[in-house]
Amino acid sequence: MSATGEVAAAGPGRGRRIILWRHGQTAWNVERRFQGTTDVELTETGVAQARRAARLLVGLRPDAIIASDLLRAAHTAAELAALTGLDVTLEEGLRETYAGVWQGLTHEEIIARHGEEYAAWKRGEPVRRGGGELETEVADRAAPVVLRHAEKLAEDGTLVVVSHGGTIRTTIGRLLGLEPHSWESLGGLTNCCWSVLGEGARGWRLLEHNAGTLPEPVLGDDD
């Protein structure tokens with residue numbers, strides 16, 4: 001795995017790949033405010049992050065782009081679409097985890113008001129954060145969307161999935177066949193960084209994680 005941001009040249013016969021790309025920065029990310037399904041726009045920094053990352057991702061020769069229909073993901077995807085000429089297919093199933101009353105609260109407010117619930121989630125217990133979705137339910141809706149589009153690829157095709165930190169984490173966990181209680185072992189993604197899954201003889205493998213930048217704090221709903 002690599003988090004150096006170095007992009008390997010695409011080559012023939014490598015098998016299908018899935019690039020799971022987190023959206024750029026939003027104001028709520030900076031404020032450490034839980035976004036969930038709230039539709040928050042990118043900041044100017046977020047737009048710049050998306051443009052920079054898109055220039056790197058072009059080197060991976062994507063064949064298809066799908067994205068969450070929330071603005072922060074859709075606008076991130078649009079930057080790559082502008083460089084590749086590919087259309088973006090928006091999918092509601094790729095939205096971030098719905099977290100009920102947690103949405104709009106800062107990290108500190110969540111711990112102060114829902115500390116036991118937060119601690120149980122971090123222990124890997126099935127928790128409906130804020131009365132919202134279980135992580136397994138997020139994987140139930142997101143992973144099939146990714147697989148459906150991946151199945152349309154040629155044998156060495158590349159799919160770019162533009163989504164959200166929590167949804168990407170659960171999708172990776174599901175596609176790798178990990179037990180849900182261990183999904184927390186996958187570190188969070190920095191804004192506009194990505195992970196790469198490659199198709200192997202035994203299924204999907206994690207080839208890169210949190211690639212695309214020098215180390216930066218992870219500001220997101222899944223940290």
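This report walks through the chain as a whole and then turns to helix α4.

## What you're looking at

This is a predicted model, where local features need pLDDT of at least 70, side-chain atom pairs count only at pLDDT 80 or more, and totals for chains, interfaces and linings use all residues. Residues are numbered from 1 along each chain as its sequence is written, and side-chain values use heavy atoms, leaving out hydrogens and water.

## The whole chain

The chain has 6 helices and 6 strands, taken from DSSP runs (H or I, at least four residues, for helices; E, at least two, for strands) and numbered from the N terminus. Starting at the N terminus, the order is β-α-α-β-α-β-α-α-β-α-β-β.

Of the 223 residues, 52% are buried, meaning under 20% relative accessible area with a 1.4 Å probe, protein chains only. Take the contacts (heavy atoms within 4.5 Å) between residues at least 6 apart in sequence: 72% of them join residues at least 24 apart. The chain exposes about 9900 Å², with carbon and sulfur atoms supplying 52% of that; the areas come from the Shrake-Rupley method with a 1.4 Å probe.

## Helix α4, the bent one

Helix α4 covers residues 107–122, yet its end C-alpha atoms span only 13 Å, whereas a straight helix of 16 residues would span 22 Å (1.5 Å times one less than the number of residues). There's a kink of about 105 degrees centred on H114, the bend being the angle between axes fitted to the seven residues ending there and the seven starting there.

H107, I110, Y118, A120 and W121 are buried in α4, and the buried residues of this helix pack against α5 (135–150). Just after α4 comes G124, with a positive phi of about 95 degrees.

Key:
Buried means under 20% relative accessible area, exposed over 50%, partly exposed in between (1.4 Å probe, protein chains only).
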